[in-house]
Amino acid sequence: MDTDQLIRSLAADNAHRAPRVGAVLTMALLVAAPLSILIFATFLGVRADVMSAMRNPFFDMKFAVTLSLAIPAIIVSLHLSRPEALLRGWGWLLLLPVGLLAVAIGSEAMMAPAMPVTMRLMGKNSRTCLIAIPAMSLPLLAGALFGLRHGAPSNPALAGAFAGLVSAGLAATLYASHCTDDSPLFVATWYTLATAVVTAIGAAVGSRVLRY
Amino acid sequence: MRGREDEWTGLMRSAMAGDDAAYHRLLKAVTPVLRAAARRGLARAGQPPDQAEDIVQEILLAVHLKRHTWDSEAAFAPWLFAIGRNKLIDALRRRGKRVFVNIDDFAETLPGEAPQETASAGEVAAQLGTLPQRQRDVLQSIAVEAASIKDTAAKFSMSEGAVRVALHRGLAALTAKLRDH
């Protein structure tokens with residue numbers, strides 16, 4: 001087939017309209033979310049003392065941190081789904097959860113906490129955290145990658161890593177309502193480790209499936 | 001250069017608004033520029049230029065299937081050249097070539113265009129043969145025989161909608177095969 005002939009067939013298909021990447025990503029995440037919630041409801045569930053926990057600012061802070069990861073990660077991954085997009089100028093959004101955590105760690109230190117640093121950092125749920133966040137991330141990660149496949153990222157591994165951050169941020173938001181460890185030191189250690197694992201999986205899978 | 005690129009952006013806006021003729025004109029206009037850039041990229045990698053047409057066709061298919069990622073408020077050329085660069089790098093990698101980091105063959109300012117010509121390429125033609133019969137028939141009819149969607153529908157006793165679906169699926173399948181082969 002020569003190039004003129006190919007062009008003719010492309011022009012004949014011009015009427016075909018694809019949805020925007022944002023719409024496909026949203027749908028895919030909405031389809032995946034019930035699976036993650038099912039894992040949550042089956043194995044974890046909301047902590048028993050949630051009503052009193054809500055009066056603890058460090059409990060609320062966990063959600064601020066996880067959502068300040070998930071929402072910017074969605075924005076950046078949509079940006080990166082355009083072929084000419086660069087991370088430059090957008091990467092600073094990832095500093096939001098880091099900054100929040102730093103502020104939280106600082107305020108906890110100033111409040112003369114009841115438990116020593118090592119106990120707050122190690123917590124009681126570190127192993128659960130490291131298993132539950134990646135497990136609940138997997139359906140969401142599949143959804144995010146499916147949505148981003150509709151785009152045209154120039155760096156598939158990077159876009160996949162951001163799909164990992166999206167799914168880890170959302171899964172960690174669920175997990176935060178289960179976990180009784182509210183110290184920002186615990187969050188900074190174990191949530192970050194779990195997120196790193198999911199991000200690495202996202203980058204590895206993304207480098208294969210996000211090529212267009 | 002500026003004037004040409006503004007013209008491309010205008011044509012693409014019309015195309016996205018449903019003007020098939022503008023879309024056809026745009027694809028014809030960018031092809032020689034893509035071809036020259038693909039040749040430059042191949043030459044830089046020490047490859048014979050005869051593979052340029054395969055790369056051009058892959059770029060055109062990607063442009064077509066990913067045009068919903070173009071922001072109609074933005075200029076068309078940077079988006080186009082980003083896809084071109086990506087496909088050139090892919091093609092060189094597939095051929096096992098070391099890829100130089102800064103491939104600027106699709107830079108915004110390009111020298112004079114190569115003479116207008118249309119070359120045939122082997123890869124699309126080869127993958128065409130692996131498509132399901134119906135998609136192949138429809139593509140063959142519209143691309144090679146230059147039949148309209150309406151005439152193609154009549155020829156194969158299909159509805160126009162079914163022809164459109166087969167055409168789009170055929171182009172998408174072709175792109176996937178080129179990417180993964």
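In chain A, take the contacts between residues at least 6 apart in sequence: 90% of them join residues at least 24 apart. Two residues are in contact here if their C-beta atoms, placed from the backbone, lie within 7 Å. In chain B, again for residues at least 6 apart in sequence, 62% of the contacts join residues at least 24 apart.

Some housekeeping. This is a predicted model, in which local features need pLDDT of at least 70 and side-chain atom pairs count only at pLDDT 80 or more, while totals for chains, interfaces and linings use all residues. Residues are numbered from 1 along each chain as its sequence is written, and chains are lettered from A and ligands numbered from 1 in the order in which they are written.

Now chain A. Its secondary structure is nine helices and zero strands, where helices (H or I, at least four residues) and strands (E, at least two) are DSSP runs, numbered from the N terminus. Along the principal axes, the C-alpha atoms of chain A fill a box of roughly 75 × 35 × 25 Å. Of the 212 residues in chain A, 49% are buried. The cut-offs: a residue is buried if 20 or more other C-beta atoms lie within 10 Å of its own, exposed if 12 or fewer, and partly exposed in between, with C-beta atoms placed from the backbone.

One residue of chain A as an example: A:Gly99, in helix α5 (residues 95-110) of chain A. Is A:Gly99 buried or exposed? A:Gly99 counts as exposed because it has 12 other C-beta atoms within 10 Å. A:Gly99 and A:Ala161 are 62 residues apart in sequence, and their C-alpha atoms are 20 Å apart in space.

Chain B next. Chain B has eight helices and zero strands, and 41% of its 181 residues are buried.

Helix α2 (residues 20-44) of chain B holds B:Arg39. B:Arg39 is buried because 21 other C-beta atoms lie within 10 Å. Neighbours within four places in sequence aside, B:Arg39 is in contact with B:Pro49 and B:Ala52. B:Leu88 is 49 residues from B:Arg39 in sequence, and the two are 9.8 Å apart, C-alpha to C-alpha.

Two helices of chain B can be checked for length. The expected span of a helix is 1.5 Å times one less than its number of residues. Helix α3 (residues 52-65) of chain B has 14 residues and so should span 20 Å, and its end C-alpha atoms are 20 Å apart, which agrees. The 19 residues of α4(B) should span 27 Å, and the end C-alpha atoms of α4(B) are 27 Å apart, which also agrees. As for burial, 14 of the 14 residues of α3(B) are buried. Just after α4(B) comes B:Gly96, with a positive phi of about 70°.

On to the core. A nonpolar core is a set of buried Ala, Val, Leu, Ile, Met, Phe, Trp, Tyr and Cys residues joined through C-beta atoms within 7 Å. The largest nonpolar core has 57 residues, and those that touch the most other members are B:Leu26, B:Leu27, B:Ala38, B:Ile59, B:Leu60, B:Leu80 and B:Leu167. At least two residues of this core come from each of α1 of chain A and α1 (2-16), α2, α3, α4, α5, α6 and α8 of chain B. Which helix supplies the largest share of this core? That is α2(B), with ten residues. Another core, of 55 residues, lies apart from it and includes A:Val76, A:Leu101, A:Ala132 and A:Val166.

Back to B:Ala38: beyond its neighbours within four places in sequence, its contacts are B:Ala52, B:Ile55, B:Val56 and B:Leu88.

Last, the interface. In all, 39 residues of chain B are in contact with 28 residues of chain A. On the chain B side, two or more residues come from each of α2, α3, α4 (76-94), α5 (122-128), α6 and α8 (160-180). By class, this side has 22 nonpolar, ten polar and seven charged residues. Ala, Val, Leu, Ile, Met, Phe, Trp, Tyr, Cys and Pro count as nonpolar, Asp, Glu, Lys and Arg as charged, and the others, Gly among them, as polar.
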